[in-house]
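User: I would like to learn how to read a structure of this kind, taking one feature at a time. Could you show me the general idea each time and then the case at hand?

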Amino acid sequence: MESANINRESILATANNLRWEVGENLHDTLMESIYDNAYSIASKAVILPDKKPAYSFDRTLDKIITSKYLGFPLMFLLLGVVFWLTIEGSNVPSGLLAALLVDTIHPFLKSISASIGLPFWIDGVLIDGAYLAMAWVVAVMLPPMAIFFPLFTLLEDFGYLPRVAFNMDPLYKRVGAHGKQALTMAMGFGCNAAGIIATRVIDSPRERLLAIITNNFSLCNGRWPTQILIATIFIGSSVPAYIAGLVSAAAVVFIAVLGIALSLVVSWGLSKTLLKGEASAFSLELPPYRPPRILQTLYTSLIDRTIFVLWRAIIFAIPAGIVIWLVSNITINGVSLANHFIHWVNPVAFIFGLNGVIFLAYIIAIPANEIVIPTILMLTVANLGLAGVGAGSGVMFELESVGDTANILYAGGWTLLTGINLMLFSLLHNPCSTTIYTIFKETKSVKWTAVSTFLPIIMGLVVTFFLTQIWRIIVN
Amino acid sequence: MSGLDLNNCSTCPAHNLGNLNKLGINMSNFDFVVALAGNPNTGKSTVFNYLTGLRQHTGNWPGKTVTRAEGGFEYNKKKFKLVDLPGTYSLLSTSTDEEVARDFILFGQPDVTVIVVDATRVERNLNLVLQILEITDRTVVCLNLMDEAKRNEIKIDARVLSKELGVPVIPAAARQGEGMNELLNIIFEVAAGKYICKPHRIKTSSKELNFAVEKISREITKEFPDLPNTRWVALRLLEGDQSIIEAIRSGELGNLKKQNLATVNQS
């Protein structure tokens, strides 16, 4: 083996020596010959159109989409259209699903359990807790997801997303982040965990961390029903009915854009403190616009999303439903665990313009954002002991209309301020447990996972605190 | 050197397997491994989905595929493992994506490398094609997005391209499933050794460069006589490519034998 090693070293030595003679421009010379070869082969085999330059449609479209003045307004407009379609489109399906799963099947299950004489607590945990939580998530979550993701995929297929990155790149560069963060933020609008995984496209570890930490400021699908519902109840209701839908959508768009703005601000802050560094170069190829295969995309993303939501409903909502029923029905000194906690936390929550119910709901909803509203409603009813609404404490109940929900919340002491603070807190709180786990797997660092988890909460508390104080000063 | 070299794996039909296992590919049930390479956003994942029946997420922006995808398919009673490499513009820079792709093609020695080329950007895609042809003989070019080329009135003579490149060129529109049967067939033929490629080698005009490459190649051949791509290795040494230098120092380069036809018939 000795002689083999000597031989190998001599090869390397020869190469070292010759490297000097070949000169510094070796790489350039090589690239040039590659280009030359490519050119000569291509010119023999490829015939380009001579009448008009290829991609003239693309170029014209790009001039508009990436223009200095039209680019951003167009982006907001598209975002608004996507939200509006999602809101309007999911109304009827949500109502139908609720009518089926909650109004029809739930009583049916209760009657079966009554006829076979299931004990009160099994019946409660399984049917009023687990089943209802799952039913609510499917009714509330499935339609928006089924609409948003195909729309998003169509935009993706068309080729619009790299233009978004192109438009936002100067902004991100100015705050020390990478232009591709725009893309990962866009993915985060669907699901934050998916957005985290998408950050793999960012090479620089520093910039990748920035994208990961700020990804939670993208409103994921699980949080929209919360935003849409609260916006409709508290904001849409204060304008004439014919523009209520539009105004609610605009409010949600505002929150979404606020999230993007905050991601820029936080990136800037982190770049100056914990994650100092320079923005790296970003070369992005704007792919040609390709006609999306509409029917195919609708079909596959619909099926994908449906299955995904159903899976999440089972894995996350069911345990949460069980927990909700348990804390609302297990009592100490005649008062349920839930009520103990709520009363204990209420004074603190009041400072932030929220209440104990919301805090408890957010703790229960750590696994998944979509169960926040159902939990809030159920806990509010249990807390107030409202008779005639719902079928007992700890049971989620059917709502004929948004108005019913509104009545419950108002009866629970909610005001416009509470509504606004909830929308803000929904934007600025810890990521769901799936996302936290994904962050840990991707960064392999406890420190950065902790930062990603607690930074949004702290920001949420700070924002709601100041808004509450200012509001109360103004109103008084 | 003693007569029986227990560390020399290159004569064993399973050595290819050893490298592939190291790269994380489970080859226990497969006959051939096929790598999918190409520029970003050329439809590699679409081809992948079509061949394997899986549903990787595709989308019209570069960098969509971030995890290495593996799948399998069966054709003519042979089982193929398909590895979707990250899209790269070249193999000569130092980004992680390009190293992953390059290392897989070089050290993993796939039985066939399918390069998916965007028919609307042939000249630019050829940069990568020509570089890959320097590393491995067993290549098939899938000329994808022919429907886009037609839409933009770009005409391509696949036969001329194939003659110039010395490897099969299959026009295709993977989204519509066009050309996929021909692609499968040619993959099988190249893998089984029924179709022998004579790939184009990049010609350089620089005298100093050619002289240097010759000199180093001769030394390399003395030490590693069975190396299939000596000229390319010499070039990488001249450029100071660290992983190639390591491969020479450790002797691992010696494991890269020319594909032995005898090893192909393993099942």
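This is a predicted model: local features need pLDDT of at least 70, side-chain atom pairs count only at pLDDT 80 or more; totals for chains, interfaces and linings use all residues.

User: What is the mean pLDDT of chain B, and which stretches fall below 50?

Analyst: The term pLDDT is the predictor's confidence in each residue, from 0 to 100. For chain B the mean is 78, and 78% of its residues reach 70 or more. Over residues 1-24 of chain B the pLDDT is below 50, and beyond near neighbours in sequence this stretch has 24 contacts in the model, where two residues are in contact if their C-beta atoms, placed from the backbone, lie within 7 Å. Residues 259-267 of chain B also stay under 50, with eight contacts beyond four places in sequence. The model as a whole scores ipTM 0.79 and pTM 0.68.

User: How many residues of chain A are in contact with chain B, and how many of chain B with chain A?

Analyst: The size of an interface is often given as the accessible area lost when the parts come together, but here we can count residues. In this model 49 residues of chain A are in contact with 50 residues of chain B. The largest share of the chain A side, 14 residues, comes from H2(A), and helices and strands are DSSP runs numbered from the N terminus (helices are H or I, at least four residues; strands are E, at least two). By class, the chain A side has 30 nonpolar, eight polar and 11 charged residues; Ala, Val, Leu, Ile, Met, Phe, Trp, Tyr, Cys and Pro count as nonpolar, Asp, Glu, Lys and Arg as charged, and the others, Gly among them, as polar. Strands take part as well: two bridges join S1(A) to strand S6 (residues 155-156) of chain B, and these strands run antiparallel, with A:Val46 opposite B:Ile156.

User: In what order do the strands of the open sheet in chain B stand?

Analyst: Two strands pair if DSSP finds at least two bridges between them. Six strands of chain B form an open sheet in the order S2-S3-S1-S4-S5-S7, with mixed pairing. Strand S2 (69-75) and strand S7 (169-171) of chain B stand at the edges, each with a single partner strand, so one side of each is left without a neighbour in the sheet. From one strand to the next the twist averages 25 degrees, where axes are lines fitted to C-alpha atoms, for helices over the stretch in contact, and angles run from 0 to 180 degrees between N-to-C directions.

User: Which pairs in that sheet are parallel, and which pair is antiparallel?

Analyst: S4(B) and S5(B) pair in the parallel sense over six bridges, and B:Ile115 has B:Val141 as its bridge partner. S1(B) and S3(B) are also parallel, over five bridges, whereas seven bridges join S2(B) to S3(B), which run antiparallel. B:Leu82 in S3(B) is the bridge partner of B:Val34 and also of B:Gly71. In the hairpin of S2(B) and S3(B), with two residues between the strands, B:Asn76 takes a positive phi near 50 degrees.

User: At what angle do H6(A) and H7(A) cross?

Analyst: Two packed helices are described by the angle between their axes and the distance between the axes. The axes of H6(A) and H7(A) come within 7 Å and cross at roughly 120 degrees. That makes H6(A) oblique to H7(A), given that angles under 35 degrees count as roughly parallel, over 145 as roughly antiparallel, 65 to 115 as roughly perpendicular and the rest as oblique. The residues of this contact divide into eight nonpolar, one polar and no charged.

User: Is B:Asn255 buried or exposed?

Analyst: A residue is buried if 20 or more other C-beta atoms lie within 10 Å of its own, exposed if 12 or fewer, and partly exposed in between, with C-beta atoms placed from the backbone. With 21 C-beta neighbours inside 10 Å, B:Asn255 counts as buried. Helix H14 (residues 356-364) of chain A is mostly covered, as seven of its nine residues are buried.

Key: Residues are numbered from 1 along each chain as its sequence is written. Chains are lettered from A and ligands numbered from 1 in the order in which they are written.
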